[in-house]
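Have the structure open as you read.

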Amino acid sequence: MKPITISSHRFPKPIHSTDPSKVKSIAAVAIVIIEDSILMIQRAIKDGDPWSGHMAFPGGRFEQQDFDLRKTAERETFEEIGIALNPSSFIGPLTPLNHPRLSVHAYVYHLETRPALKPNEEVAEIHWLTF
C-alpha cells in the first residue's frame, strides 16, 4: 500500500439541513484496530454519491434484515472489504454522531492479525493508518 497524506484525500463535510420533512437516515461503521493501526477506506468515485472519494470507515445504511446497528456495521464491512468480524473481537460502541439528516453509529473491533482484504466496487483503496 502506498502512503497517504491528509491533504491528498477528501473528507466528509457535515450535512446541514433546516428542512423538518427530511427523514434522518441511520448508518453504522466498524472501526477496526490492529496494534497501533486503524483501518480506513477511500470510497470509490461515483456520480451522485455525496461521499464519493471520501476517506471513511467501512459501513453503511441500516437495512431491515439487520438485527441491529452493530450487525449493519458487520454486514457492510464484510460486503465492502471482505472482513467477517468475529463477536470476540468486538470492544464496544462509541457515542453516535448526529447530523440533521444522518445518524452514524460506530462500533470498535480489535483484531490480532491483519486479515486478507477483498475490496468491492464501492471501495477505491484500503489503508492501515498508524496512530
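Is D49 buried or exposed? D49 counts as buried, at 16% relative accessibility. Keep in mind that this is a predicted model. The rest of the rundown starts with the overall fold and then goes through the salt bridges.

**Fold and surface**
- The protein chain has 1 helix and 8 strands.
- Of the 131 residues in the protein chain, 44% are buried.
- Take the contacts with a separation of 6 or more: 67% of them are between residues 24 or more positions apart.
- The chain's accessible surface is about 8100 Å², and carbon and sulfur atoms account for 58% of that.

**The R43–D49 pair**
- The salt bridge count for this model comes to 7, and one of them joins R43 and D49.
- Their closest N and O atoms sit 2.6 Å apart.
- R43 is at 17% relative accessible area and D49 is at 16%; buried means under 20%, so both partners qualify.

**The E63–R75 pair**
- E63 and R75 also form a salt bridge, with 3.8 Å between the closest N and O atoms.
- This one ties together distant parts of the chain: E63 is in the loop between β4 (59–61) and α1 (69–81), while R75 belongs to helix α1, 12 residues away.

**Within helix α1**
- R70 and E74 meet through their side chains in a salt bridge, at 3.2 Å from N to O.
- Both residues lie in helix α1, and their spacing of 4 residues is about one turn of the helix.
- E74 is buried, with a relative accessibility of 10%.

**A linked network**
- Which residues join up in a network of salt bridges? They are E63, D66, R75, E76 and E79.
- The E63–R75 salt bridge described above has both of its partners in that network.

Key
Residues are numbered from 1 along each chain as its sequence is written. This is a predicted model: local features need pLDDT of at least 70, side-chain atom pairs count only at pLDDT 80 or more; totals for chains, interfaces and linings use all residues. Side-chain values use heavy atoms; hydrogens and water are left out. Helices (H or I, at least four residues) and strands (E, at least two) are DSSP runs, numbered from the N terminus. Buried means under 20% relative accessible area, exposed over 50%, partly exposed in between (1.4 Å probe, protein chains only). Contact means heavy atoms within 4.5 Å. Accessible areas come from the Shrake-Rupley method with a 1.4 Å probe; for residues, only the protein chains shown count as cover. A salt bridge is a side-chain nitrogen of Lys or Arg within 4 Å of a carboxyl oxygen of Asp or Glu.
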